[in-house]
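This briefing is meant for a reader who is meeting this structure for the first time. Please look over the sequence and the model before reading on.

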There are 2 protein chains.
Amino acid sequence: MTTRQRQLGGRPRSFETDQAVDAALELFWLQGYRQTSTRDLEARLGIGQSSIYNAFGSKLRLLEAALDRYERQISDALVTPLERSLDGIAAIDDFFAALAAWITTDGRRGCMILNLMAESADEPEIGERTRTYRRRLREAFHAALQREPGVDPASAEVRAELLMTAVLGLNIAAREGAGPDELRHSVGAVRHLLDDWTPGQRRPPA
Amino acid sequence: MTTRQRQLGGRPRSFETDQAVDAALELFWLQGYRQTSTRDLEARLGIGQSSIYNAFGSKLRLLEAALDRYERQISDALVTPLERSLDGIAAIDDFFAALAAWITTDGRRGCMILNLMAESADEPEIGERTRTYRRRLREAFHAALQREPGVDPASAEVRAELLMTAVLGLNIAAREGAGPDELRHSVGAVRHLLDDWTPGQRRPPA
DNA sequence: GCTGTAATGTAGTGGCTGCACCAAAACCTT
DNA sequence: AAGGTTTTGGTGCAGCCACTACATTACAGC
(Lines give C-alpha, C1' and ligand atoms only; values in the text may rest on other atoms or scores of the structure.)
Protein backbone atom coordinates (compact mmCIF):
# COMPACT_ATOMS: atom_id res chain seq x y z
CA MET A 1 0.00 0.00 0.00
CA THR A 2 2.92 2.30 0.62
CA THR A 3 5.45 1.72 -2.14
CA ARG A 4 3.91 0.71 -5.41
CA GLN A 5 6.97 -0.22 -7.39
CA ARG A 6 5.70 -0.64 -10.96
CA GLN A 7 2.42 0.39 -12.42
CA LEU A 8 0.94 -1.03 -15.58
CA GLY A 9 0.43 2.20 -17.45
CA GLY A 10 0.70 5.90 -17.07
CA ARG A 11 3.62 8.27 -17.11
CA PRO A 12 6.63 7.00 -15.19
CA ARG A 13 8.02 8.77 -12.16
CA SER A 14 10.86 11.09 -12.93
CA PHE A 15 12.46 10.51 -9.53
CA GLU A 16 13.45 7.74 -7.19
CA THR A 17 10.96 7.74 -4.33
CA ASP A 18 13.46 6.62 -1.71
CA GLN A 19 15.96 9.23 -2.72
CA ALA A 20 13.30 11.90 -2.46
CA VAL A 21 12.36 10.75 1.02
CA ASP A 22 16.00 10.80 2.03
CA ALA A 23 16.39 14.33 0.77
CA ALA A 24 13.26 15.39 2.62
CA LEU A 25 14.59 13.67 5.72
CA GLU A 26 17.75 15.71 5.45
CA LEU A 27 15.82 18.96 5.26
CA PHE A 28 13.41 18.09 8.06
CA TRP A 29 16.29 16.98 10.21
CA LEU A 30 18.37 20.06 9.56
CA GLN A 31 15.71 22.75 9.64
CA GLY A 32 12.83 21.18 11.48
CA TYR A 33 9.41 20.32 10.15
CA ARG A 34 7.72 23.68 10.43
CA GLN A 35 10.66 25.65 9.14
CA THR A 36 10.79 23.52 6.02
CA SER A 37 8.38 24.82 3.42
CA THR A 38 7.02 22.95 0.48
CA ARG A 39 9.06 25.31 -1.68
CA ASP A 40 12.19 24.24 0.17
CA LEU A 41 11.30 20.65 -0.51
CA GLU A 42 10.61 21.40 -4.14
CA ALA A 43 14.06 22.94 -4.52
CA ARG A 44 15.94 20.29 -2.57
CA LEU A 45 14.24 17.27 -4.09
CA GLY A 46 14.36 18.72 -7.58
CA ILE A 47 10.68 17.87 -8.00
CA GLY A 48 7.67 20.06 -8.56
CA GLN A 49 5.18 20.42 -5.77
CA SER A 50 2.49 18.68 -7.72
CA SER A 51 4.71 15.63 -7.96
CA ILE A 52 5.38 15.75 -4.24
CA TYR A 53 1.70 15.97 -3.44
CA ASN A 54 0.87 13.32 -5.98
CA ALA A 55 3.41 10.95 -4.49
CA PHE A 56 2.95 11.63 -0.78
CA GLY A 57 -0.35 13.42 -0.33
CA SER A 58 0.72 16.06 2.16
CA LYS A 59 3.71 17.55 3.89
CA LEU A 60 2.87 15.60 7.02
CA ARG A 61 2.70 12.30 5.18
CA LEU A 62 6.07 13.04 3.66
CA LEU A 63 7.42 13.63 7.15
CA GLU A 64 6.01 10.31 8.24
CA ALA A 65 7.72 8.58 5.37
CA ALA A 66 10.97 10.30 6.34
CA LEU A 67 10.43 9.28 9.96
CA ASP A 68 10.02 5.66 8.91
CA ARG A 69 13.43 5.74 7.33
CA TYR A 70 14.97 7.67 10.18
CA GLU A 71 13.65 5.33 12.84
CA ARG A 72 15.17 2.39 11.09
CA GLN A 73 18.51 4.15 10.87
CA ILE A 74 18.72 5.25 14.49
CA SER A 75 17.39 1.94 15.65
CA ASP A 76 20.14 0.06 13.88
CA ALA A 77 22.84 2.45 14.96
CA LEU A 78 21.90 3.14 18.56
CA VAL A 79 18.89 1.57 20.20
CA THR A 80 18.91 -2.02 19.03
CA PRO A 81 22.58 -2.53 19.97
CA LEU A 82 21.73 -1.28 23.46
CA GLU A 83 18.75 -3.59 23.68
CA ARG A 84 20.52 -6.62 22.33
CA SER A 85 23.75 -6.22 24.24
CA LEU A 86 24.58 -8.62 27.03
CA ASP A 87 26.50 -5.95 28.88
CA GLY A 88 25.01 -3.57 31.41
CA ILE A 89 26.60 -0.22 32.01
CA ALA A 90 29.20 -0.89 29.36
CA ALA A 91 26.38 -1.07 26.82
CA ILE A 92 25.04 2.25 28.03
CA ASP A 93 28.49 3.71 27.70
CA ASP A 94 28.67 2.47 24.14
CA PHE A 95 25.29 3.99 23.48
CA PHE A 96 26.39 7.44 24.55
CA ALA A 97 29.58 7.16 22.58
CA ALA A 98 27.53 6.36 19.51
CA LEU A 99 25.05 9.09 20.38
CA ALA A 100 27.83 11.66 20.49
CA ALA A 101 28.84 10.73 16.99
CA TRP A 102 25.25 10.61 15.79
CA ILE A 103 24.42 14.00 17.20
CA THR A 104 27.46 15.88 15.99
CA THR A 105 27.83 14.66 12.43
CA ASP A 106 27.11 16.99 9.55
CA GLY A 107 26.74 20.23 11.41
CA ARG A 108 25.22 19.01 14.69
CA ARG A 109 21.52 18.65 14.14
CA GLY A 110 20.62 16.43 17.06
CA CYS A 111 18.24 13.48 16.85
CA MET A 112 15.36 14.10 14.52
CA ILE A 113 12.76 12.40 16.68
CA LEU A 114 13.71 14.36 19.77
CA ASN A 115 13.83 17.52 17.72
CA LEU A 116 10.29 16.85 16.65
CA MET A 117 9.28 16.30 20.25
CA ALA A 118 10.63 19.72 21.14
CA GLU A 119 9.21 21.35 18.06
CA SER A 120 5.79 20.05 17.27
CA ALA A 121 4.05 17.65 19.57
CA ASP A 122 0.82 19.22 18.41
CA GLU A 123 0.49 16.88 15.47
CA PRO A 124 -0.93 13.80 17.22
CA GLU A 125 0.66 11.39 14.78
CA ILE A 126 4.09 12.75 15.54
CA GLY A 127 3.56 13.06 19.26
CA GLU A 128 2.65 9.40 19.45
CA ARG A 129 5.84 8.37 17.70
CA THR A 130 8.09 10.49 19.86
CA ARG A 131 6.40 9.19 23.00
CA THR A 132 6.89 5.62 21.83
CA TYR A 133 10.52 6.25 21.07
CA ARG A 134 11.13 7.81 24.46
CA ARG A 135 9.48 4.90 26.24
CA ARG A 136 11.51 2.42 24.28
CA LEU A 137 14.77 4.16 25.05
CA ARG A 138 14.07 4.50 28.75
CA GLU A 139 13.19 0.84 29.01
CA ALA A 140 16.38 -0.07 27.20
CA PHE A 141 18.33 1.90 29.78
CA HIS A 142 16.39 0.24 32.54
CA ALA A 143 17.02 -3.23 31.20
CA ALA A 144 20.73 -2.54 30.75
CA LEU A 145 21.03 -1.29 34.30
CA GLN A 146 19.35 -4.41 35.57
CA ARG A 147 21.80 -6.48 33.61
CA GLU A 148 24.64 -4.90 35.56
CA PRO A 149 25.54 -7.03 38.58
CA GLY A 150 25.50 -5.19 41.86
CA VAL A 151 23.01 -2.51 40.91
CA ASP A 152 19.96 -2.59 43.10
CA PRO A 153 16.66 -2.68 41.20
CA ALA A 154 15.12 0.28 43.02
CA SER A 155 17.79 2.70 41.89
CA ALA A 156 17.81 1.23 38.38
CA GLU A 157 14.51 2.87 37.59
CA VAL A 158 15.54 6.28 38.87
CA ARG A 159 18.82 6.08 37.05
CA ALA A 160 17.16 5.13 33.79
CA GLU A 161 14.99 8.19 34.15
CA LEU A 162 18.07 10.30 34.73
CA LEU A 163 19.76 8.92 31.64
CA MET A 164 16.68 9.65 29.58
CA THR A 165 16.68 13.21 30.85
CA ALA A 166 20.36 13.48 29.96
CA VAL A 167 19.66 12.32 26.42
CA LEU A 168 17.04 15.02 26.03
CA GLY A 169 19.44 17.61 27.38
CA LEU A 170 22.26 16.51 25.11
CA ASN A 171 19.97 16.77 22.15
CA ILE A 172 19.05 20.34 22.91
CA ALA A 173 22.66 21.21 23.52
CA ALA A 174 23.53 19.64 20.19
CA ARG A 175 21.01 21.68 18.27
CA GLU A 176 21.63 25.04 19.81
CA GLY A 177 24.25 26.84 21.75
CA ALA A 178 27.00 24.27 21.78
CA GLY A 179 29.85 23.62 19.39
CA PRO A 180 30.98 20.07 18.66
CA ASP A 181 33.79 20.28 21.22
CA GLU A 182 31.53 21.59 23.92
CA LEU A 183 29.07 18.87 23.05
CA ARG A 184 31.63 16.12 23.31
CA HIS A 185 32.40 17.56 26.70
CA SER A 186 28.79 17.24 27.74
CA VAL A 187 28.58 13.68 26.52
CA GLY A 188 31.78 12.97 28.40
CA ALA A 189 30.14 14.28 31.56
CA VAL A 190 27.31 11.80 31.19
CA ARG A 191 29.64 8.91 30.50
CA HIS A 192 31.74 9.92 33.47
CA LEU A 193 28.63 9.48 35.55
CA LEU A 194 28.45 5.85 34.58
CA ASP A 195 31.76 5.21 36.32
CA ASP A 196 30.16 6.02 39.65
CA TRP A 197 27.56 3.38 38.97
CA THR A 198 29.97 0.61 38.14
CA PRO A 199 30.11 -1.23 41.44
CA GLY A 200 33.51 -2.83 41.18
CA GLN A 201 36.26 -1.05 39.35
CA ARG A 202 36.42 2.64 38.46
CA ARG A 203 37.60 4.33 35.31
CA PRO A 204 38.29 1.82 32.59
CA PRO A 205 41.44 3.01 30.74
CA ALA A 206 39.71 5.17 28.14
CA MET B 1 15.52 55.73 27.28
CA THR B 2 13.40 52.67 27.81
CA THR B 3 10.45 53.67 29.96
CA ARG B 4 9.35 57.25 29.52
CA GLN B 5 6.93 57.66 32.36
CA ARG B 6 5.19 60.97 31.67
CA GLN B 7 5.16 63.05 28.55
CA LEU B 8 4.30 66.69 28.34
CA GLY B 9 1.63 66.49 25.72
CA GLY B 10 -0.10 64.10 23.36
CA ARG B 11 -2.71 61.49 23.93
CA PRO B 12 -2.13 59.38 27.05
CA ARG B 13 -1.54 55.65 26.91
CA SER B 14 -4.63 53.60 27.38
CA PHE B 15 -2.72 50.75 29.01
CA GLU B 16 -0.15 50.07 31.67
CA THR B 17 3.10 49.24 29.93
CA ASP B 18 4.31 46.79 32.56
CA GLN B 19 1.02 44.93 32.55
CA ALA B 20 1.18 44.64 28.80
CA VAL B 21 4.70 43.24 28.96
CA ASP B 22 3.59 40.74 31.57
CA ALA B 23 0.72 39.62 29.41
CA ALA B 24 3.05 39.25 26.44
CA LEU B 25 5.46 37.31 28.63
CA GLU B 26 2.67 34.94 29.51
CA LEU B 27 1.85 34.31 25.88
CA PHE B 28 5.46 33.92 24.76
CA TRP B 29 6.14 31.60 27.64
CA LEU B 30 3.10 29.47 27.03
CA GLN B 31 3.08 29.27 23.25
CA GLY B 32 6.60 30.18 22.25
CA TYR B 33 7.79 33.19 20.33
CA ARG B 34 7.11 32.06 16.80
CA GLN B 35 3.76 30.54 17.57
CA THR B 36 2.55 33.77 19.09
CA SER B 37 1.24 36.06 16.39
CA THR B 38 0.77 39.78 16.65
CA ARG B 39 -2.97 39.10 16.52
CA ASP B 40 -2.64 36.87 19.56
CA LEU B 41 -0.86 39.66 21.35
CA GLU B 42 -3.48 42.14 20.27
CA ALA B 43 -6.22 39.97 21.71
CA ARG B 44 -4.43 39.07 24.92
CA LEU B 45 -3.13 42.54 25.74
CA GLY B 46 -6.39 44.19 24.76
CA ILE B 47 -4.46 46.67 22.65
CA GLY B 48 -4.46 47.37 18.95
CA GLN B 49 -1.45 46.39 16.92
CA SER B 50 -0.62 49.99 16.18
CA SER B 51 -0.35 50.66 19.89
CA ILE B 52 1.88 47.67 20.35
CA TYR B 53 4.16 48.73 17.55
CA ASN B 54 4.10 52.31 18.74
CA ALA B 55 5.10 51.28 22.24
CA PHE B 56 7.62 48.53 21.50
CA GLY B 57 8.67 48.85 17.89
CA SER B 58 8.58 45.21 16.89
CA LYS B 59 7.58 41.78 18.06
CA LEU B 60 11.19 41.00 18.82
CA ARG B 61 11.64 44.10 20.95
CA LEU B 62 8.53 43.17 22.87
CA LEU B 63 10.02 39.77 23.49
CA GLU B 64 13.17 41.41 24.77
CA ALA B 65 11.15 43.53 27.18
CA ALA B 66 9.38 40.39 28.36
CA LEU B 67 12.72 38.63 28.71
CA ASP B 68 13.99 41.43 30.91
CA ARG B 69 11.16 40.87 33.31
CA TYR B 70 11.44 37.11 33.12
CA GLU B 71 15.15 37.09 33.81
CA ARG B 72 14.65 39.10 36.93
CA GLN B 73 11.96 36.71 38.12
CA ILE B 74 13.87 33.52 37.54
CA SER B 75 17.01 35.06 38.89
CA ASP B 76 15.34 35.92 42.15
CA ALA B 77 13.57 32.61 42.46
CA LEU B 78 16.26 30.18 41.34
CA VAL B 79 19.68 31.32 40.26
CA THR B 80 20.64 33.98 42.77
CA PRO B 81 19.78 31.80 45.77
CA LEU B 82 22.03 29.13 44.31
CA GLU B 83 24.82 31.63 43.77
CA ARG B 84 24.49 33.26 47.15
CA SER B 85 24.08 30.13 49.21
CA LEU B 86 26.86 29.02 51.48
CA ASP B 87 25.92 25.41 51.02
CA GLY B 88 27.25 23.13 48.34
CA ILE B 89 25.26 20.19 47.15
CA ALA B 90 22.40 21.11 49.46
CA ALA B 91 22.06 24.37 47.55
CA ILE B 92 21.93 22.47 44.29
CA ASP B 93 19.28 20.24 45.75
CA ASP B 94 17.27 23.28 46.72
CA PHE B 95 17.68 24.62 43.22
CA PHE B 96 16.19 21.54 41.63
CA ALA B 97 13.35 21.50 44.10
CA ALA B 98 12.56 25.07 43.16
CA LEU B 99 13.03 24.26 39.48
CA ALA B 100 10.47 21.49 39.70
CA ALA B 101 7.93 23.93 41.06
CA TRP B 102 8.89 26.60 38.54
CA ILE B 103 8.62 24.27 35.60
CA THR B 104 5.31 22.66 36.48
CA THR B 105 3.21 25.61 37.58
CA ASP B 106 0.32 26.77 35.45
CA GLY B 107 0.21 23.98 32.96
CA ARG B 108 3.90 23.09 32.72
CA ARG B 109 5.50 25.47 30.31
CA GLY B 110 9.15 24.99 31.22
CA CYS B 111 11.65 27.79 31.52
CA MET B 112 11.09 30.51 28.99
CA ILE B 113 14.77 31.15 28.30
CA LEU B 114 15.51 27.51 27.67
CA ASN B 115 12.38 27.25 25.55
CA LEU B 116 13.70 30.06 23.44
CA MET B 117 17.02 28.31 23.14
CA ALA B 118 15.29 25.24 21.80
CA GLU B 119 12.98 27.23 19.57
CA SER B 120 14.77 30.10 17.95
CA ALA B 121 18.46 30.63 18.41
CA ASP B 122 18.44 32.18 14.96
CA GLU B 123 17.72 35.62 16.32
CA PRO B 124 21.19 36.66 17.42
CA GLU B 125 19.90 38.88 20.22
CA ILE B 126 18.06 35.97 21.77
CA GLY B 127 20.83 33.47 21.22
CA GLU B 128 23.22 35.68 23.10
CA ARG B 129 20.94 35.90 26.09
CA THR B 130 20.30 32.19 26.27
CA ARG B 131 24.01 31.51 26.01
CA THR B 132 24.72 33.95 28.81
CA TYR B 133 22.08 32.37 30.98
CA ARG B 134 23.43 28.90 30.37
CA ARG B 135 26.94 29.99 31.23
CA ARG B 136 25.79 31.64 34.41
CA LEU B 137 23.87 28.60 35.56
CA ARG B 138 26.68 26.20 34.83
CA GLU B 139 29.12 28.34 36.75
CA ALA B 140 26.73 28.52 39.65
CA PHE B 141 26.64 24.73 39.71
CA HIS B 142 30.39 24.62 39.49
CA ALA B 143 30.85 27.06 42.36
CA ALA B 144 28.37 25.18 44.52
CA LEU B 145 30.14 21.91 43.90
CA GLN B 146 33.43 23.46 44.87
CA ARG B 147 31.84 24.68 48.05
CA GLU B 148 31.06 21.12 49.01
CA PRO B 149 33.85 19.70 51.16
CA GLY B 150 35.33 16.48 49.90
CA VAL B 151 34.51 16.95 46.23
CA ASP B 152 37.60 16.95 44.11
CA PRO B 153 37.90 19.97 41.77
CA ALA B 154 38.50 17.93 38.65
CA SER B 155 35.17 16.14 38.84
CA ALA B 156 33.38 19.35 39.84
CA GLU B 157 33.59 20.68 36.33
CA VAL B 158 32.31 17.52 34.71
CA ARG B 159 29.50 17.28 37.19
CA ALA B 160 28.45 20.86 36.66
CA GLU B 161 28.23 20.09 32.98
CA LEU B 162 26.10 17.06 33.71
CA LEU B 163 23.75 19.10 35.86
CA MET B 164 23.41 21.67 33.13
CA THR B 165 22.54 18.94 30.67
CA ALA B 166 19.98 17.60 33.11
CA VAL B 167 18.36 21.02 33.41
CA LEU B 168 18.01 21.19 29.63
CA GLY B 169 16.51 17.73 29.57
CA LEU B 170 14.06 18.48 32.34
CA ASN B 171 12.92 21.54 30.51
CA ILE B 172 12.14 19.63 27.36
CA ALA B 173 10.37 16.97 29.36
CA ALA B 174 8.36 19.68 31.04
CA ARG B 175 7.21 21.20 27.79
CA GLU B 176 6.36 18.07 25.89
CA GLY B 177 5.54 14.51 26.54
CA ALA B 178 5.48 14.45 30.33
CA GLY B 179 2.73 15.05 32.82
CA PRO B 180 3.44 16.84 36.11
CA ASP B 181 3.80 13.55 37.98
CA GLU B 182 6.16 12.10 35.44
CA LEU B 183 8.10 15.32 35.59
CA ARG B 184 8.42 15.28 39.33
CA HIS B 185 9.73 11.79 38.90
CA SER B 186 12.41 13.04 36.53
CA VAL B 187 13.43 15.83 38.86
CA GLY B 188 13.56 13.31 41.66
CA ALA B 189 15.97 11.23 39.59
CA VAL B 190 18.31 14.18 39.28
CA ARG B 191 18.13 14.99 42.96
CA HIS B 192 18.73 11.37 43.78
CA LEU B 193 21.96 11.69 41.85
CA LEU B 194 23.18 14.32 44.27
CA ASP B 195 23.13 11.81 47.09
CA ASP B 196 25.88 9.88 45.39
CA TRP B 197 27.98 13.00 45.34
CA THR B 198 27.60 13.82 49.00
CA PRO B 199 30.82 12.40 50.42
CA GLY B 200 29.79 11.75 54.01
CA GLN B 201 26.23 10.73 54.73
CA ARG B 202 23.66 9.37 52.30
CA ARG B 203 19.98 10.08 51.96
CA PRO B 204 18.95 12.96 54.15
CA PRO B 205 15.56 12.06 55.68
CA ALA B 206 13.44 13.33 52.80
C1' DG C 1 -9.74 77.85 21.88
C1' DC C 2 -5.69 77.16 19.54
C1' DT C 3 -1.50 74.49 18.63
C1' DG C 4 1.73 70.86 19.16
C1' DT C 5 2.28 66.06 20.33
C1' DA C 6 1.67 61.43 20.88
C1' DA C 7 -1.47 57.31 21.01
C1' DT C 8 -5.25 55.25 18.76
C1' DG C 9 -8.38 52.53 15.19
C1' DT C 10 -8.82 51.19 10.45
C1' DA C 11 -7.22 49.52 6.64
C1' DG C 12 -3.86 47.65 3.87
C1' DT C 13 1.14 46.28 2.47
C1' DG C 14 3.94 42.47 0.27
C1' DG C 15 5.36 38.01 1.31
C1' DC C 16 4.98 33.45 2.58
C1' DT C 17 2.35 29.19 3.65
C1' DG C 18 0.22 24.42 2.43
C1' DC C 19 -2.37 22.79 -1.01
C1' DA C 20 -5.66 22.37 -5.27
C1' DC C 21 -6.90 22.54 -10.08
C1' DC C 22 -6.05 21.40 -14.80
C1' DA C 23 -4.23 20.79 -19.26
C1' DA C 24 -0.25 18.68 -21.35
C1' DA C 25 2.98 14.90 -21.39
C1' DA C 26 4.74 10.16 -21.18
C1' DC C 27 4.15 5.79 -20.56
C1' DC C 28 1.28 1.02 -20.96
C1' DT C 29 -1.93 -2.22 -23.21
C1' DT C 30 -4.79 -3.42 -27.00
C1' DA D 1 -2.95 4.21 -33.91
C1' DA D 2 -6.29 4.53 -30.16
C1' DG D 3 -7.62 4.54 -25.38
C1' DG D 4 -6.49 4.39 -20.56
C1' DT D 5 -3.67 5.82 -16.73
C1' DT D 6 -0.52 8.32 -14.10
C1' DT D 7 2.89 12.03 -13.55
C1' DT D 8 4.19 16.57 -14.59
C1' DG D 9 4.48 21.75 -14.90
C1' DG D 10 2.05 25.98 -14.43
C1' DT D 11 -0.94 28.76 -12.17
C1' DG D 12 -3.56 30.17 -8.44
C1' DC D 13 -6.05 30.27 -4.02
C1' DA D 14 -7.34 31.49 0.56
C1' DG D 15 -5.18 32.35 4.82
C1' DC D 16 -1.80 33.87 7.79
C1' DC D 17 2.32 36.55 8.89
C1' DA D 18 4.93 40.87 10.73
C1' DC D 19 4.53 45.35 9.87
C1' DT D 20 3.01 50.11 8.13
C1' DA D 21 0.37 54.47 6.39
C1' DC D 22 -2.76 57.54 7.73
C1' DA D 23 -6.39 60.01 9.44
C1' DT D 24 -8.49 60.62 13.93
C1' DT D 25 -8.48 61.30 18.81
C1' DA D 26 -7.13 62.87 23.40
C1' DC D 27 -4.31 65.05 26.03
C1' DA D 28 -0.74 69.42 27.85
C1' DG D 29 0.74 74.05 27.54
C1' DC D 30 -0.25 78.62 26.17
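Why does the distance between the end C-alpha atoms of helix α8 of chain A agree with the span that its residues should give? The model is a predicted one, and helix α8 of chain A, covering residues 153-175, has 23 residues that at 1.5 Å a residue should span 33 Å, so the 34 Å between its end C-alpha atoms agrees with that expectation.

**Chain A as a whole**

- Chain A contains nine helices and zero strands, and its pattern along the sequence reads α-α-α-α-α-α-α-α-α.
- The C-alpha trace of chain A spans about 65 × 35 × 30 Å along its principal axes.

**Burial**

- Of the 206 residues in chain A, 38% count as buried.
- Helix α8 of chain A is mostly covered, with 18 of its 23 residues buried.

**The surface near DNA strand C**

- There are 28 residues around DNA strand C, and those that come nearest are A:R11, A:S37, B:G10, B:G48 and B:S51.
- Two or more residues each are given to this surface by α2 (38-45), α3 (49-56) and α4 (59-84) of chain A, together with α3 (49-56) of chain B.
- The element that gives the most to the surface near DNA strand C is α3 of chain B, which supplies five residues.
- Sorted by class, the surface near DNA strand C has 16 polar, seven nonpolar and five charged residues.

How values were computed. Residues are numbered from 1 along each chain as its sequence is written. Chains are lettered from A and ligands numbered from 1 in the order in which they are written. This is a predicted model: local features need pLDDT of at least 70, side-chain atom pairs count only at pLDDT 80 or more; totals for chains, interfaces and linings use all residues. A residue is near a molecule or strand if its C-beta atom, placed from the backbone, lies within 6 Å of it. Helices (H or I, at least four residues) and strands (E, at least two) are DSSP runs, numbered from the N terminus. Ala, Val, Leu, Ile, Met, Phe, Trp, Tyr, Cys and Pro count as nonpolar, Asp, Glu, Lys and Arg as charged, and the others, Gly among them, as polar. The expected span of a helix is 1.5 Å times one less than its number of residues. A residue is buried if 20 or more other C-beta atoms lie within 10 Å of its own, exposed if 12 or fewer, and partly exposed in between; C-beta atoms are placed from the backbone.
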